[in-house]
Amino acid sequence: MYITRSRLGSGFAVLLVLCTLLATAAVDLPGQQVAPTLIRDVAVFDGTSARGPMDVLVRDGRIGAMGPDLEVPAGSVVVEGRGRTLLPGLIDAHTHAFGDALREALVFGVTTELDMFTDAGFARQMRSEQAGRGAATRADLFSAGTLVTAPGGHGTEYGMVIPTLEGPEQAQAFVDARLAEGSDWIKIVYDDGHAYGLDLPTLDLATLRAAIDAAHARDVLAVVHVGDAAAAEEAIAAGADALVHLFTDEAAAPGFAERVAQSGAFIVPTLTVLRSVTGQPGAAGLTDDPAVAPYLMPASRTNLGQAFPDRSGQGEARYQVAADAVERLHAAGVAILAGTDAPNPGTAHGSALHRELELLVDAGLTPAEALRAATEAPARAFALEDRGRIAEGLRADLLLVDGDPLTDIRATRAIAGIWKGGVRVDRDAYAAAVAAASTTSAPSIPAEGLMLSDFDAGALTAALGSWMPSSDSFAGGASTGEVRVESTADGQALVVRGTISDKIAYPWYGAMWVPGSPPMTPVDLAGAEGFRFRTRGDGGTYRVLLFSQGNGMMPLIRTFTAEAGWTEVVMTWADFGIDGGDVMGLVWSGGPEVGAFEFVLDDVTLR
């Protein structure tokens, strides 16, 4: 889906981590010994059907045995399962992961995310951790990496410089480059945005076919993002293995479901985000659910209440187009997979998948079929043979819930236990972190006319908050530089210089100012209209990234030009679409253009 143009989505938000801004992230310890776990007398949904009650033994990270009255190994942890249901760990088949998203997903029983666009370096790092230490404190990640899109098309609007595909003759080399970066499958954008009131370039039909054929030539899946019914028809006819959204613009043509079934393609409808697209926050009700709310970080709580603007004025009717299509596709025997498109408006990692299950049931799937859509079906579709089911020898990625979700799908929210690779997730610790974050209110600062830094003392200090360098090294980048106060012809000023590397898709290096302590604590700066600064430099165009709690930890972006002579730049909070009440940080950044850069800042002032 379309994150608003002022937001810098997907992989770029890894910037948050760079300055140790996500200090709550846990570290997996290699070689830790975990006692066997026996879950006793529990009803089991094994990924396809109900079984039990029975005992389930977890040993060495896998399902060791299943059956009635199992012997309890010495030293085992025994968990009572009566009145509860044991499910495979859930799989969200459409997300965009960065930062702390995978940890949040795991707290809601989502043990694997299938990412549809993030930085290739970030995805490689996640897979390396999974293969090495097991990543017991977060969900596993498999990813399409960089998506396939046209110049100026969807995916290029986030401030990231990404490669684009111009014609069919380039398709094989383009796909091969993505696979060399580590993409697990190929995601292709075939969407001009008209269904959402946008006008975006997109691939032509010949290039779409060539990209699909190029993926198939390398024996990998080609999944296609579409936004309208006509594009969905064309993508299926071109040989797509899947559609990773459905559409809301018009009802599917007669026979569409049967044509999809005949093609063998699967569908990830993303009903939660399609509700948001039609003007209603897709999963907003989760914030009032006592089984969910204690585990929602403030940014996620805010994001769940957001929606895209409904330009049609026919929101519910447009959503029903997608729900009806799900019903017809399912009736035709098409495999339906559960995916949320988190973290778009109206969603959040982990929690939103429980809403997606509910919407699938509302669209005609039985609870068992909806659960299969989040377990066995995505594991089978994406060839993840070690997960998605509960069977001896498979990974012990497990979700234990109170009650029976085969009767009431909402029971998946009543989580009694989660295991990732046989290691139990500490939900209490996460809830305590959420409580601490939720009770920390933004201090109000009398900000009008406050000079933050004139640098005349020759030091990197601020009247409020602090400065620090920010680079792309954490995300696998190689951009280098320095942030330092230097003497200029006009006195002391902050010099930001460096070299932007092309090692990752969204490189940066810059200076970050954070108003709170610890860094990224939200501060109420609404007493000022915004900020101003003086700048000069090499004539390049650079970026100011603004982080606010209400925008779900995703930066908002404005640009400025550093001319040869001093100029004053004024930016208001309204320019970024906020009121200034929860500002967490500002970054003055070089990139994404590759090469050397230099600019100077002075007299940074709240106004």
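**Notes on aromatic rings**

1. At a relative accessibility of 6%, phenylalanine 597 counts as buried, a term that means under 20% relative accessible area, with exposed over 50% and partly exposed in between (1.4 Å probe, protein chains only). This is a predicted model, in which local features need pLDDT of at least 70 and side-chain atom pairs count only at pLDDT 80 or more, while totals for chains, interfaces and linings use all residues. Residues are numbered from 1 along each chain as its sequence is written, and side-chain values use heavy atoms, with hydrogens and water left out.

2. Rings of Phe, Tyr and Trp (its six-membered ring) pair if their centres lie within 6.5 Å, and planes under 30 degrees apart count as stacked, over 60 as edge-to-face and the rest as tilted; by this rule there are 17 aromatic pairs. In one of them, the ring centres of tryptophan 467 and tryptophan 588 are 5.5 Å apart and the planes stand at 35°, so the pair is tilted. Both tryptophan 467 and tryptophan 588 are buried.

3. The rings of tyrosine 542 and phenylalanine 597 have centres 5.8 Å apart and planes at 50°, so this pair is tilted. Tyrosine 542 is buried, its relative accessible area being 6%.

4. Ring pairs join a cluster whose members include Trp467, Tyr542, Trp588 and Phe597.

5. A charge sits over a ring if NZ of Lys or CZ of Arg is within 6 Å of the ring centre and within 35 degrees of the ring normal. Arginine 427 lies over the face of tyrosine 295, 3.7 Å from the ring centre.
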